[in-house]
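The following paragraphs lead the reader through one protein structure. Please keep the sequence and the three-dimensional view at hand while reading.

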Amino acid sequence: MATIISDAFSSRDRAVLRAVAAGRCELSTEFGGLLVDGMSCCDQFVGVRLTSAGLIAAAGSGPGPARLTAYGQALVAAE
């Protein structure tokens, strides 16, 4: 498994990862990224950033509930 450098992620990134782990997030193309508790996230780029980093993904083939990838789980567990 690759080493994850947690210093590369902000405290907001880590908070969003914890929210994803708690089942509170959805990936959405309609709202431009990530919904947390049904509301658009104040950081419009966090969903794209965490998806591109391989830390979160959609649970299905399209927009929908977000889930942590193995790397995302490792980062959350490292806290």
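In this predicted model, Cys 25 is in contact with Val 16, Ala 19, Val 20, Leu 34, Leu 35, Val 36, Pro 65 and Ala 66, leaving aside its neighbours within four places in sequence. Is Cys 25 buried or exposed? Its relative accessibility is 3%, and because buried means under 20%, Cys 25 counts as buried.

How many disulfides does a search of the whole structure find? The search finds zero. For Cys 25, the nearest cysteine sulfur is that of Cys 41, 7.6 Å away, and Cys 25 is in no disulfide. The sulfur of Cys 41 has its closest cysteine sulfur in Cys 42, at 4.8 Å, which is too far for a bond; a disulfide would need the two sulfur atoms within 2.5 Å. Cys 41 is itself buried, with a relative accessible area of 15%.

Arg 24 lies in the loop between helix 1 and strand 1, and with a relative accessibility of 39% it counts as partly exposed. Not counting residues up to four places away in sequence, Arg 24 touches Ala 19, Leu 35, Val 36 and Asp 37. With Asp 37 there is a polar contact between the two side chains, at 2.7 Å. Arg 24 can also be placed relative to Ala 66: the two residues are 42 apart in sequence, while their C-alpha atoms are 8.2 Å apart in space.

The view may now be widened to the whole chain. The protein has three helices and five strands, and read along the sequence they follow the pattern α-β-β-β-α-β-β-α. The five strands form an open sheet in the order 3-2-1-5-4, with antiparallel pairing. Which strands stand at the edges? They are strand 3 (39-40) and strand 4; each has a single partner strand, so one side of each is left without a neighbour in the sheet. In general, strands of a sheet pair through backbone hydrogen bonds, either parallel or antiparallel.

The pairings can be followed strand by strand. Strand 1 and strand 2 are joined in the antiparallel sense over four bridges, and Glu 26 stands opposite Leu 35 in strand 2. Strand 1 also pairs with strand 5, again antiparallel, over two bridges. Here the bridge partner of Glu 26 is Pro 65 in strand 5, and Leu 27 stands opposite Gly 64 in strand 5. Strand 5 in turn is joined to strand 4 by three bridges, and these two strands run antiparallel.

Beyond the end of strand 5 comes Thr 69, found in the loop between strand 5 (64-68) and helix 3 (70-77). At 14% relative accessibility, Thr 69 counts as buried. Apart from neighbours within four places in sequence, its contacts are Gly 54, Leu 55, Ile 56 and Ala 57. With Gly 54 the approach involves polar atoms: the backbone oxygen of Gly 54 lies 2.4 Å from a polar atom of the Thr 69 side chain.

Some totals complete the picture. Of the 79 residues of the protein, 35% count as buried. The accessible surface comes to about 4,700 Å², of which 55% belongs to carbon and sulfur atoms. Among contacts between residues at least 6 apart in sequence, 50% join residues at least 24 apart.

Note on methods: Residues numbered from 1 in each chain as written. Predicted model: local features only at pLDDT ≥ 70, side-chain atom pairs only at ≥ 80, totals over all residues. Heavy atoms only, no water. Buried < 20%, exposed > 50% of the residue type's maximum accessible area, 1.4 Å probe, protein only. Polar contact = N/O pair within 3.5 Å; in protein donor to acceptor, adjacent residues only side chain to side chain. Contact = heavy atoms within 4.5 Å. Pairing = 2+ DSSP bridges. Areas by Shrake-Rupley, 256 points an atom, 1.4 Å probe, with all protein chains shown as cover.
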